[in-house]
Amino acid sequence: MTYRIEKDILGEVQVPNNKYWGAQTERSRNNFKIGPEASMPIEIIHAFGFLKKAAAHVNFELGLLSEEKKDMISLVCDEIIEGKLNNQFPLVIWQTGSGTHTNMNINEVISNRAHVLMGGRLGYSKCFIHPNDDVNMSQSSNDTFSTAMHIASYQELVRKTIPSIQKLKKDLEKKSKLFHNVIKIGRTHLMDATPITLGQEFSGYASQIDHGLNSIIKTLDHLSELAIGGTAVGTGLNAPKGYDVKVTEYICKYTGFPFQVAKNKFEAISSHDAIVESHSALKQIAVSLMKISNDIRFLASGPRSGIGEIHIPENEPGSSIMPGKINPTQCEAIIMVCTQVIGNDMTISMAGYSGNYELNVAKPLMAYNFLQTTQLIADACISFSSFCVAGIKPNYQRIQEFLDKSLMLVTALNPHIGYEKSAKIAKYAYKNNSTLKEEAIRLGFLTDDEFETLVDPSKMV
């Protein structure tokens, strides 16, 4: 490895010759060797590409930046957005809580890459574009990182997470319609209850996902607010009048999403309640998925010693020692994903109040956890839908067996013979290992015909 000398206000720093970053990035890379991974999410880097390009165009239009500099910054930003420079952003999330190091990483890469594109050689002459004076013009790390967080989070939700959740919802709805006539025993408190159809059971799952989906969508308006133009503390010092509106307009144009200027930039920089709010909705989905996946694996348990009311796809061998064993692996994966997401929500909640006065200082951590959640839920919903839900089939024989043996069908007799006589029938049927009908007749409460008329599972759902 050969090195060149880069300078910042603290002095000289050796930087690898084949990298476009500069002194401040290298200092952060060496000073924060924390953890084996947790690099800054690439979605944040790409979001910065949109932001820096928009800022360059607006600074040019306002007469603050030359056309040549605007064009060169835009050219490098396009490379960043397209992922061509992904290996130039080595910093981890465990850095300054404002994300300043990543902002400067972006600024330095744009400066040095533009220098090379113009025919220059790294380390041999001063760059035409200055990382602070030109690339970071009218900006602060405090408003740019906050803005990049919202751009990346909004994009990932709309492009990946929401469509994946919608697919799962549709597949659950299909199963609900398909199973609408399959009458089975219901369960409350893990104990036998009155009948329900398998379709009704699955309609509950679909409704859970639908409500969670609506919760996420309702958070998008707040999440679409961008802090850009607030600069260091929200006052907009060094940002020209109208700059925030114009930059936001360009970002909307580049991304195709309806971003808006933050209604209050002090709130947008000092706290990240929009991230907290939106992730809380994602946690709601995780809670629902946890319940649904547990229900499905319990309903499929067995095949001979469990409930076994449904069959789920046999995707892989389940044991290295027990031949022929098949496990509910998709359900288990979902449960682990949901556990991680719920943990991420606690992290984001604590990070959300981790600031004082005019600045939240856990921005990188919030961004990392939020974007991990969006990816996990998106992938998990597609996997669960494709490899589990789509292949679920009723075990009709088992369902009928449980329904026939259920003691809670006696509930239908309450309006006719009263709660106490009905309870007596159920008690003796269980004690004598007999049927409800046998005990109702033996106790003299009902005739055969009366029982058959009153206790009809198809009329109880």
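The structure holds zero disulfides, a disulfide being a pair of cysteine sulfur atoms within 2.5 Å. Take C77: the nearest cysteine sulfur belongs to C127 and is 15 Å away. C77 is also buried, with a relative accessible area of 0% (buried means under 20%, exposed over 50%, partly exposed in between, with a 1.4 Å probe and protein chains only). C331 has its closest cysteine sulfur in C388, at 4.3 Å, which is too far for a bond. C331 counts as buried too, at 1% relative accessibility.

A word on the source: this is a predicted model, where local features need pLDDT of at least 70 and side-chain atom pairs count only at pLDDT 80 or more, while totals for chains, interfaces and linings use all residues. Residues are numbered from 1 along each chain as its sequence is written, and side-chain values use heavy atoms, leaving out hydrogens and water.

Now for the helices (DSSP runs of H or I, at least four residues, numbered from the N terminus). Helix α10, residues 273-299, packs against helix α12, residues 363-387, at about 30 degrees, and their axes are 11 Å apart. Axes here are lines fitted to C-alpha atoms over the stretch in contact, and angles run from 0 to 180 degrees between N-to-C directions. Among the residues that meet, with heavy atoms within 4.5 Å, are L282 and I285 in α10 and F370 and I377 in α12.

Helix α2 (residues 42-61) and helix α4 (residues 100-117) also pack together, at about 60 degrees with axes 11 Å apart. In this contact, I45, F48 and K52 of α2 meet T102, N103, I106, N107 and I110 of α4.

How values were computed
Helix = DSSP H or I, 4+ residues; strand = E, 2+ residues; numbered from the N terminus.
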